[in-house]
Amino acid sequence: MVRRIEVDGGSAYICEICGLGYADEETARECEKFCSTHGACSLEITRRAVYFPKRF
Ligand SMILES: [Zn+2]
């Protein structure tokens, strides 16, 4: 499930599988769908990420 978090100056939508955050929910859903079907992230999608968890 895509999770919404507060970040500096706004909010981000987090893909719960890879942990990356996106400015819009649509992209986060796309990422989650890709992550769960392929077991890896799509570079096309992750380059649109606006939030990176600390482990990266
Ligand atoms: Zn993802």
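1. Start with Ile5. Setting aside neighbours within four places in sequence, Ile5 is in contact (heavy atoms within 4.5 Å) with Gly10, Ser11, Ala12, Ile14 and Tyr51. Tyr51 lies 46 residues from Ile5 in sequence, and the C-alpha to C-alpha separation is 9.9 Å. Ile5 counts as buried, at 17% relative accessibility. Here buried means under 20% relative accessible area, exposed over 50%, and partly exposed in between, with a 1.4 Å probe and protein chains only.

2. A word on the basis. This is a predicted model, in which local features need pLDDT of at least 70, side-chain atom pairs count only at pLDDT 80 or more, and totals for chains, interfaces and linings use all residues. Residues are numbered from 1 along each chain as its sequence is written, and side-chain values use heavy atoms, with hydrogens and water left out.

3. Now the sheet. Ile5 sits in strand E1. Strands (E, at least two residues) and helices (H or I, at least four residues) are DSSP runs, numbered from the N terminus. Three strands make an open sheet in the order E1-E2-E3, with antiparallel pairing. E1 and E3 are at the edges with a single partner strand each, so one side of each has no neighbour in the sheet. Two strands pair if DSSP finds at least two bridges between them.

4. Take E1 and E2 next. Strand E1 covers residues 3-7 and strand E2 residues 10-14; they run antiparallel and are joined by five bridges. Glu6 stands opposite Ser11 in E2. The hairpin of E1 and E2 has two residues between the strands, and Gly9 takes a positive phi near 75° there.

5. Then E2 and E3. Strand E3 spans residues 21-22, and two bridges join E2 to this antiparallel partner. Which residues of E3 do Tyr13 and Ile14 face? Tyr13 stands opposite Tyr22, and Ile14 stands opposite Gly21. In the hairpin of E2 and E3 there are six residues between the strands, and Gly19 has a positive phi near 90°.

6. Finally, the cysteines. Are Cys15 and Cys35 buried or exposed? Cys15 is buried, with a relative accessible area of 0%. Cys35 also counts as buried, at 5% relative accessibility. How many disulfides are there? The count is zero, taking a disulfide as a pair of cysteine sulfur atoms within 2.5 Å.
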